[in-house]
Amino acid sequence: MAVREAIPSLREADTEQKVSSFAKALFLGEIHDELVFPWPSPEADEQARIRDLNARLREYCAENYDPRRIEEERWIPDETLRELGEIGVMGLYVDERHGGQGLSQTGYARVFETIGEIDATLAIVLGVHQSIGYKGISLFGSDEQKDRWLPDLATGRKFAAFALTEPRAGSDAYEIQTRAVRQPDGAWVLNGEKRYIGNGSRADVLTVFARCEIDGRDKHIALLVEKGMDGFEVGERYDTMGLRGNDLRRLYFKDVRVPPENVLGEEGDGFRVAMQILNNGRIGLGTGSVGATKKLLDLTIGHVKERQQFGQPLADFELVQDKVGWMVSYLFGLEAMTYLTCGLVDAGVPDYSLESAICKVSGTEFLWYAANRSLQLAGGQGYLRSEPWEKVVRDIRIFPIFEGANDVLRAFIALGGIKPVGEKLEGLGDIGLSDPIGSIGVLVDYVADRARREVRPDRIGMAHEELSGHADAVSDQVKQLAGTTEKLLREHGKDVIRRQFQQKRLADIVADVFAQVAVLSRVSNIFEDQGVEASGQERFIADTFCSRAASRVRGNFDQVESNDDDRMSSLAKLAYKRGEYGYALFED
Ligand code: MYA
């Protein structure tokens, strides 16, 4: 498939860049710490610009942005959007030549964190616009397309949207039915229907994905559809639980003629375009979750210190400390992992698809549990509509669902890591993956490679020596990950693709490994910067995070070996057969 051509496999990586994907290499037992140490940080000049943008954004929104009013009116006032555009937050990563701020991925994420702190609806409206709406123009657009659209989009004079999802293709995005047919003059005629499209009626330009035929083969194409094109109709608006200011619509395309200059990227390359845009978008949900959790944590700290019960502040109760301590330590880890991923993008590492999916899954689930615990600590007050918690909980419930449902992304993470291991096994000959004995001859090189690793397994060598205990533990986890991946491949062969219980464990393991590496890189940098003695708090958080993550990893490895997966499947199948729960304690 085309994606493989554009995102080099591990073996195809060029010589300068030793490896194309940090996370995929972990499944092979390889730790490329040169990609993740030292801790990446934007230049001082960019940091100053980020601070300035954040300050102006906060100041403006404190005066002019009312999340509840926007929820009631169901859209952000056009004047507010115009003024936000003037501040510069509509074109964060767009180069200055095209009217943007020219920020790196890290800079973009830092500002988006602030947007996430202010309001999830604001984050989604601006996120749909630039994180996915016109990201494709920036990544894959021709010079002409960039000149034509970016100046207006980057300043908020025009709005963008991203149209992939359809009634019959949500998670299974490859199976979209919208069809584009090439005309003799090179234009494309588009027919089909999209649903759940944010900024749906507001967008001036939409990146729309469709199937098409190229040289007799069924492919995908990305087209830039403009408001007002004949046959393009905006349908009804969805009524949603949260993010009620988001203009979520159905879209219809009836014989819409799209001129050849509106084809985005190569004809036939549409699926790769969509996935690459989403790889960027998913990081935004990870860093946005960091911002939203920071706000919740601040609210929680304020509340538990102030509220007294049983003659003492809530803050002094152990089970309150349990929740706050957990939020602090995991937030530190999530922040490290999401910004390390931004650093990989900024360093030009070609394949960050697994890392971005990990950030999305880890960030959105952490935010969900953190919001739930924060609301719990707020007690009855947390349930009131006059308080911020209930809106946050409604707004963020969609995060684990959109931009790739978390279960689907877990499968994607695991299979994305398993694949290079399978290729390595297969690449040495015609190996039946589940038949190692029959293939023993062709396995010799691979076994020798493994044996070399046993003598000199990959270790994290670039972490600060004060963190060597954790670095060694993570290195052992990586070795075990490679062994377990290979074992699962041998056991299940190609059927591993259906073994979702095990995929989930591998995905959670690699996420925890990646997060620990990120924490080690972050804290090594702090030690270098301000000295070990002066960094006691960060060291304490790192110890806590890494110990907890290591324990989760151990639990998952144990469950790979010993689990009740079959029982769960049997129970589910039985329930489907009965058609209901049916074990009534009392007769109706
Ligand atoms: S937008 C809609 C979101 N929709 C999705 O995310 C769809 C989910 N589905 C998928 O991602 C794919 O269909 C999956 C592929 C992963 C299931 N990078 O055979 P395959 C390659 C690079 O596995 P499938 C929305 O929700 C793959 O390697 N390559 O395909 C709005 C293979 O290539 P090759 C990738 O079984 C939200 C080929 O494609 C990737 O069909 C608004 C086929 O793969 C990838 N990622 O399943 C949010 N994936 O054949 C606003 C696949 O060469 C956010 N491939 O090996 C704003 C942020 C604000 C934050 C706020 C916070 C407060």
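Is Gln 177 buried, exposed or partly exposed? The views below begin with that residue.

**View 1. Gln 177 sits in a loop between two strands.** Gln 177 is partly exposed, with a relative accessible area of 43% (buried means under 20%, exposed over 50%, and partly exposed in between, using a 1.4 Å probe and protein chains only). Its loop joins β1 (160-163) and β2 (179-182); strands here are DSSP runs of E with at least two residues, and helices are runs of H or I with at least four, numbered from the N terminus. Leaving aside neighbours within four places in sequence, Gln 177 is in contact with Glu 166 and Arg 211 (heavy atoms within 4.5 Å). Pro 167 lies ten residues from Gln 177 in sequence, and their C-alpha atoms are 9.1 Å apart.

This is a predicted model, where local features need pLDDT of at least 70, side-chain atom pairs count only at pLDDT 80 or more, and totals for chains, interfaces and linings use all residues. Residues are numbered from 1 along each chain as its sequence is written, and side-chain values use heavy atoms, leaving out hydrogens and water.

**View 2. Helix α12 is mostly covered.** Spanning residues 353-378, α12 reaches 37 Å from first C-alpha to last, close to the expected 38 Å (1.5 Å times one less than its number of residues). Of its 26 residues, 20 are buried. Just after α12 comes Gly 379, with a positive phi of about 65°.

View 3. A disulfide is a pair of cysteine sulfur atoms within 2.5 Å, and the whole structure has zero of them. Cys 359 is buried at 0% relative accessibility, and Cys 61 is buried at 4%.
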